[in-house]
There are 2 protein chains.
Amino acid sequence: MFRLTSRLISVSSCLLFFLLTTAAMATTDPLPSWNDGVSKSAITSFVQAVTDKSSSDYVQPSERIAVFDNDGTLWSEQPAYFQLYFAMDRVKEMAADHPEWKNQQPFQAVLEGDMKALAASGEKGLVELVMTTHAGMTDDEFTAIVKKWLQTAQHPTLHKPYTELVYKPMLELLDYLRANNFKTFIVSGGGIEFMRPWTEEVYGIPPEQVVGSSIVTKFEMRDGKPVLVREPELNFIDDKAGKPVGINQYIGRRPIFAFGNSDGDLQMLQYTTLGSEKKRFAGIVHHTDGEREFAYDRDSHMGRLDKGLIEAKKNGWTVVDMKKEWKVIYP
Amino acid sequence: MFRLTSRLISVSSCLLFFLLTTAAMATTDPLPSWNDGVSKSAITSFVQAVTDKSSSDYVQPSERIAVFDNDGTLWSEQPAYFQLYFAMDRVKEMAADHPEWKNQQPFQAVLEGDMKALAASGEKGLVELVMTTHAGMTDDEFTAIVKKWLQTAQHPTLHKPYTELVYKPMLELLDYLRANNFKTFIVSGGGIEFMRPWTEEVYGIPPEQVVGSSIVTKFEMRDGKPVLVREPELNFIDDKAGKPVGINQYIGRRPIFAFGNSDGDLQMLQYTTLGSEKKRFAGIVHHTDGEREFAYDRDSHMGRLDKGLIEAKKNGWTVVDMKKEWKVIYP
């Protein structure tokens, strides 16, 4: 009886799906937040070509791998990477147990909100900040810390939760690709375990489709329970030439579609598009909208875009002018 | 018109699916190659519990992660790991360009078919063998080499292509889990790029769901084409305590179902089952069938199973007696 009922529900669902999609297909624009223009038509004509069985550019569904950078491509990255704010908030929370930090860089800079002094601590200071705040606990504990932080933390100038500072046009693009049987991945220089706790809910991208930078973890039995402990040692930097390496390591297929926004994405875009005789897609989010978001490219410390613009021109990549091409920025 | 036709086909497919599955569910045993017994009922009752929404052990589909060791769990591993035969065949093929190998271990041992001398070269010799045969080319070239080898290579004693030496009962298990919305992964000590070219066709497991050991790869532009070059340097050993690390790194979720066959899988089985208050499954393929396959456990060099048997008893893991519980071994 149960089986029969569940079968009937299946059939009803099928019919409902049929009616809904038929109705929807007649009217719906899959990218409503994108103005009609060069980028939108480049995206839709690419998707049409690789999904059309009669096209010489047809790609079978299992090979429809789409990769997206995160910072500056799916969510904002100014005035600093959101993961840096996470690390700074962690320092403030941990400070009670570390009275010595009052006179010790880079912690002093964080506690005093002195971004200039923090920048002066250089890469060494940043790595120390990350290791202190991202290691020394199990990965389950770290996940809980990230989730809790996201519930209350707010962007310093936009005063919104960070997960609301994602780009609506890109969310639509992710949905559109998945509706066309693409498998969507994040390939980010950000920390893999910093992203995984929320990417499924926010982007519809499950943990196993997130590639990122990582620190070393170690397996241990603690009180008879198996745990992974996060160690203060770099494991993998998923940036620049590391991105194709990360893609190969985690995904094991060459993407046919890639989106980035900075020179850190250059090699990923090259790896995706160059050397193939078939149609491939590379897109760059160009931050041109100082009013609704932030305007920056060649001279920015975070998300610098310089070579990428040159290569885009040379290779026919799609450069999205946020100001002109996006109707809205955030959901 | 095209859209309407494709919609109609969708509906027809739905109805067809309904009729076929309804007919099938009444009669079909999802694990026909398994004799009714302890292991089969442990598997099916676990799957029923975690897929039953009214059960306290219910697990939502996205968390239904199942991990499988490969050598000795999904295909045979005797008299030596198949990847070792691959390396040896490569040496023979490359020997014409390396006259010095005639007097140089471990190559001499391979060329003379002297397994004893090869074993005597120890881990150092094996690593040298692997690096010589697995590095020094692009990953696309390596994939082509593996595919070509599989087309002609034969097992030294069973005289069959290696990809036919997979376990039919395990293929059924993979299908059964996937039919119940599990996502199936390989987590093997074997080389990740040695497995990925064929796991989709043979096991239905796509490259992005294969976790394995790896060597370092490096991104390069060669004649304007982006390639990944395989370097003779270890990157990650996905064995023993490395397996939970690999699972976390690649999948980012703790599995609820794991299958192995040797002490190399112990930590993966612990990581999957211990410390959870909910129902979890760990299985061990016990090689008890010297007639139809190979019989080995505590004293074997390849796939030694010793601690695993003790831990299985202690933790209530399922130990599959191949001889008694499997109707057939190979497809």
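Predicted model: local features only at pLDDT ≥ 70, side-chain atom pairs only at ≥ 80, totals over all residues.

User: What is omega for the peptide bond from Q78(B) to P79(B)?

Analyst: P79(B) lies in the loop between strand 1 (65-68) and helix 3 (82-94) of chain B. The bond from Q78(B) to P79(B) is cis, with omega near -5°.

User: What is phi of H159(A)?

Analyst: Most residues other than glycine have a negative phi. H159(A) is in the loop between helix 7 (139-152) and helix 8 (168-179) of chain A. Its phi is positive, near 50°.

User: Where does H159(B) lie, and what is its phi?

Analyst: H159(B) lies in the loop between helix 7 (139-152) and helix 8 (168-179) of chain B. H159(B) is not glycine, yet its phi is positive, near 50°.

User: How many residues of strand 6 of chain A are buried?

Analyst: Strand 6 of chain A spans residues 281-286. F281(A), G283(A) and V285(A) point one way, A282(A), I284(A) and H286(A) the other, and all are buried. In a regular strand the side chains alternate between the two faces of the sheet. The strand is mostly covered, and the buried count is six of six.

User: Which residue of strand 6 of chain A is the bridge partner of G260(A)?

Analyst: Strand 5 (residues 257-260) of chain A runs parallel to strand 6 of chain A, with four bridges joining them. The bridge partner of G260(A) is I284(A).

User: What is the handedness of the crossover from strand 5 to strand 6 of chain A?

Analyst: Four bridges join these parallel strands. Between them the chain passes through helix 11 (residues 266-273) of chain A. This β-α-β crossover is right-handed.

User: Which residue in strand 7 of chain A is the bridge partner of G283(A)?

Analyst: Strand 6 of chain A is also joined by four bridges to strand 7 (residues 318-321) of chain A, and the two run parallel. With helix 12 (residues 307-315) of chain A, these strands make a right-handed β-α-β unit. The bridge partner of G283(A) is T318(A).

Technical notes: Residues numbered from 1 in each chain as written. Chains lettered and ligands numbered in written order. Buried ≥ 20, exposed ≤ 12 C-beta atoms within 10 Å, placed from the backbone. Pairing = 2+ DSSP bridges. Right-handed = clockwise from strand over helix to strand, strands pointing away.
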